[in-house]
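Take a look at the chain shown here. We will walk through it step by step, from its overall plan down to single residues.

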Amino acid sequence: MATYDPFRDLDRLASTLLDARRGGGPRRMPMDLYRDGDHYVLAADLPGVDPGSVDIDVDGQLLTIRAERTLGSGEGVKWITRERETASFVRQLNLGQGIDTDGISASYRNGVLSVTIPVSEKAKPRRIAVSTDEHDGVIEAHESTPQLIEQ
């Protein structure tokens, strides 16, 4: 037997009003971004998203991720409650200099999209040998580290 919960109805009303104020546009997907050695890893939460709807593209130094969550409904279904929503998600990152855009790869598992963004060979630290007349010495030189900037 179902019981009446006025707080659940109030919560549902507040969510509806807040969503209406936000507009029907795409939502931001929560993500983590970290560097692991010679590549960056972006992990974005996309629960309930069909992997076929995920679109990742790079235009110059701009990485864009788009995804859609759709909810199917069978014919003759009578909904008792429907709190899960269809949604569009979008996230953009400025990759900056020193990223190998041709080597970007992605995978999707358990509702998490993982994008691996390699650092280009030119941006990796390297050793430069310096010779002198007196004796050979080695000086270590580093170029600036590439950065990812969220837009």
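Read along the sequence, the pattern is α-β-β-β-β-β-β-β-β-β-β. That comes to 1 helix and 10 strands. Helices (H or I, at least four residues) and strands (E, at least two) are DSSP runs, numbered from the N terminus. This is a predicted model, in which local features need pLDDT of at least 70 and side-chain atom pairs count only at pLDDT 80 or more, while totals for chains, interfaces and linings use all residues. Residues are numbered from 1 along each chain as its sequence is written, and side-chain values use heavy atoms, with hydrogens and water left out.

Now the whole chain. Of its 151 residues, 23% are buried. Buried means under 20% relative accessible area, exposed means over 50%, and partly exposed lies in between (1.4 Å probe, protein chains only). The accessible surface of the chain is about 11100 Å². Carbon and sulfur atoms hold 50% of that surface. These areas come from the Shrake-Rupley method with a 1.4 Å probe; for residues, only the protein chains shown count as cover. Next, contacts, meaning heavy atoms within 4.5 Å. Among contacts with a separation of 6 or more, 55% join residues 24 or more positions apart.

Go inside. The largest nonpolar core has 19 residues. A nonpolar core is a set of buried Ala, Val, Leu, Ile, Met, Phe, Trp, Tyr and Cys residues joined through side-chain atoms within 4.5 Å. Which members touch the most other members? They are Leu42, Leu46, Phe89 and Ile117. The elements that give two or more residues to this core are β2 (39-45), β4, β5 (87-94) and β7 (112-118).

Is Thr64 buried or exposed? Thr64 is buried, because its relative accessible area is 3%. The side chain of Thr64 makes a polar contact with the side chain of Gln92, at 3.1 Å. A polar contact is a pair of N or O atoms within 3.5 Å; within protein, one must be able to donate a hydrogen and the other to accept it, and residues adjacent in sequence count only if both atoms are side-chain atoms. Beyond its neighbours within four places in sequence, Thr64 is in contact with Asp55, Ile56, Asp57, Val90, Arg91 and Gln92.

Turn to a ring. The charged end of Arg35 sits over the ring of Tyr40, 5.5 Å from its centre. A charge sits over a ring if NZ of Lys or CZ of Arg is within 6 Å of the ring centre and within 35 degrees of the ring normal.

Now the other end of the accessibility scale. Arg109 lies in strand β6. Arg109 counts as exposed because its relative accessible area is 65%. Arg109 and Leu46 are 63 residues apart along the chain, yet their C-alpha atoms are separated by 9.7 Å. Asn110 is in the loop between β6 (105-109) and β7. Asn110 is exposed too, at 74% relative accessibility. Its phi is near 55°, a positive value in a residue other than glycine.

Asp50 sits in the loop between β2 and β3 (55-59). With a relative accessible area of 48%, Asp50 is partly exposed. The C-alpha atoms of Asp50 and Thr70 are separated by 7.9 Å, and these residues are 20 apart along the chain. Glu121 belongs to the loop between β7 and β8 (126-130). Glu121 is exposed, at 62% relative accessibility. Glu121 and Ile99 are 22 residues apart in sequence and 8.6 Å apart in space, C-alpha to C-alpha.
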